[in-house]
Amino acid sequence: MSHNDTTQTSQQVFLSSAHATHSLSDSEKIFDLASPISPPHGTRILVCATDFEMPYSMYNINSSNNFLAFTNGTSVTLTPQNYNINELVSALDTGLTGITPNYSVQTNKLTFTSAGAIQINTTTSTILYEIGWTATDTQNSTSIISPLVCNLAGIPNIYIRFKNININNVDSGGQFIGTLAKVNVNVNPLEYIFYSPVENLYIRCDERQITSIHLDLQDENGKSLEINGQPYSLTLSVHYQYQRTPRTIEEFNFQSLNEIQENIVVNNKDA
C-alpha cells in the first residue's frame, strides 16, 4: 500500500555501509546524497526501513562490557570475543589474583571466594549484567554470590537510529532518540540477520530536505555496536504526503513550526 498521495514519485534509498561517504565507526556511517530528498512545497516526507541485513558478528563480550574490578584493587580485563560460561569462568580465574570464581549449573549464578572479604566495584565494572550482578549490590564477604543469573546470550535487538533526522518514535521514557527500526536478533552468531517488517510503518520526519543520512546501529542502552568490521545494508523507502490543515487547536500541537506558519499565511489570504 502506498502512502504517497502527491504527484511526486516515491523513492527507495539503498544504503550500504561499505559505500558510506564518512565512516565514524563500524556501525556509525554518514551517507551524503548527490541527489537530495527534496519534496515540493506543501508536502512532507514519510520514511520507513523496509529491509535490513547484516551478519551476526557481534561478540557477547566486547570492549564495553569486559572489565571486572573489586574494591581491593584486584581487576581483570577480558579479551573481546564470544565466551560460553566455562570459558568465562576460566578467563576470570586466570585474570584475578587471590579471588576464585565458581559457577553453579543448578542456579546459573557465579560465586567469588577469597581469603579476605571482597566486594565488587559496581561503579567501574562493566560486566555486571553478564555475570548477574547489580549496580546496587553491596555484598562484602569472603564469599559473594551473584544476585541474578548470568547472561551470555548477547544482544537481543539492534536499534537503527538516525543521528541527523528528527522522527517522532520514542523510547521507554518517552524520549525522542531517532529510532527508525528495532531489529530482533533471532539467529545464531555467524549467521545472517534479516529484517523485513510485517507492516511497513511510515514515519513523518520534520526535515524539509534531506541531503545526508547519518545512521548508527545501537543496543537498547544507546551504545554503538561493535560489529568487527562487517558490513550492513538498509533500504530506506520514502513517500511524500500533502500537508493537511489542522481541524482543531489540539492538532496544532503536532505540527512543526513551519507548518503552523504556512497555515497562518493561507488563512490570512482567505480572509
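## Aromatic pairs

Ring pairs join Phe70, Phe112 and Trp133 into a cluster. Here, rings of Phe, Tyr and Trp (its six-membered ring) pair if their centres lie within 6.5 Å; planes under 30 degrees apart count as stacked, over 60 as edge-to-face, and the rest as tilted. This is a predicted model, so to speak only of what was kept: local features need pLDDT of at least 70, side-chain atom pairs count only at pLDDT 80 or more, and totals for chains, interfaces and linings use all residues. Residues are numbered from 1 along each chain as its sequence is written, and side-chain values use heavy atoms, with hydrogens and water left out.

The structure holds four aromatic pairs. Take Phe52 and Tyr232: the ring centres are 6.0 Å apart and the planes sit at 40°, so this pair counts as tilted. Phe52 belongs to strand S4 (residues 43-55) and Tyr232 to the loop between strand S14 (210-218) and strand S15 (233-242), so the pair ties together parts that are 180 residues apart in sequence. Both Phe52 and Tyr232 are buried, where buried means under 20% relative accessible area, exposed over 50%, and partly exposed in between (1.4 Å probe, protein chains only).

Tyr192 and Phe194 make a stacked pair, at 5.7 Å centre to centre with 25° between the planes. Tyr192 is partly exposed at 44% relative accessibility, while Phe194 is exposed, with a relative accessible area of 60%.

## Strands and the open sheet

The protein's secondary structure comes to three helices and 15 strands. Both kinds of element are DSSP runs, numbered from the N terminus: helices are H or I with at least four residues, strands are E with at least two.

Five of the strands form an open sheet in the order S2-S3-S14-S10-S11, with antiparallel pairing. At the edges are strand S2 (22-23) and strand S11 (179-184), each pairing on one side only. Two strands pair if DSSP finds at least two bridges between them. Strand S10 (residues 157-162) and S11 are joined by five bridges in the antiparallel sense, and Asn157 stands opposite Asn184 in S11.

## The chain overall

Of the protein's 271 residues, 42% count as buried. The accessible surface comes to about 14600 Å², and 50% of that belongs to carbon and sulfur atoms; the areas come from the Shrake-Rupley method with a 1.4 Å probe, and for residues only the protein chains shown count as cover.

As for contacts (heavy atoms within 4.5 Å), take those between residues at least 6 apart in sequence: 66% join residues at least 24 apart.
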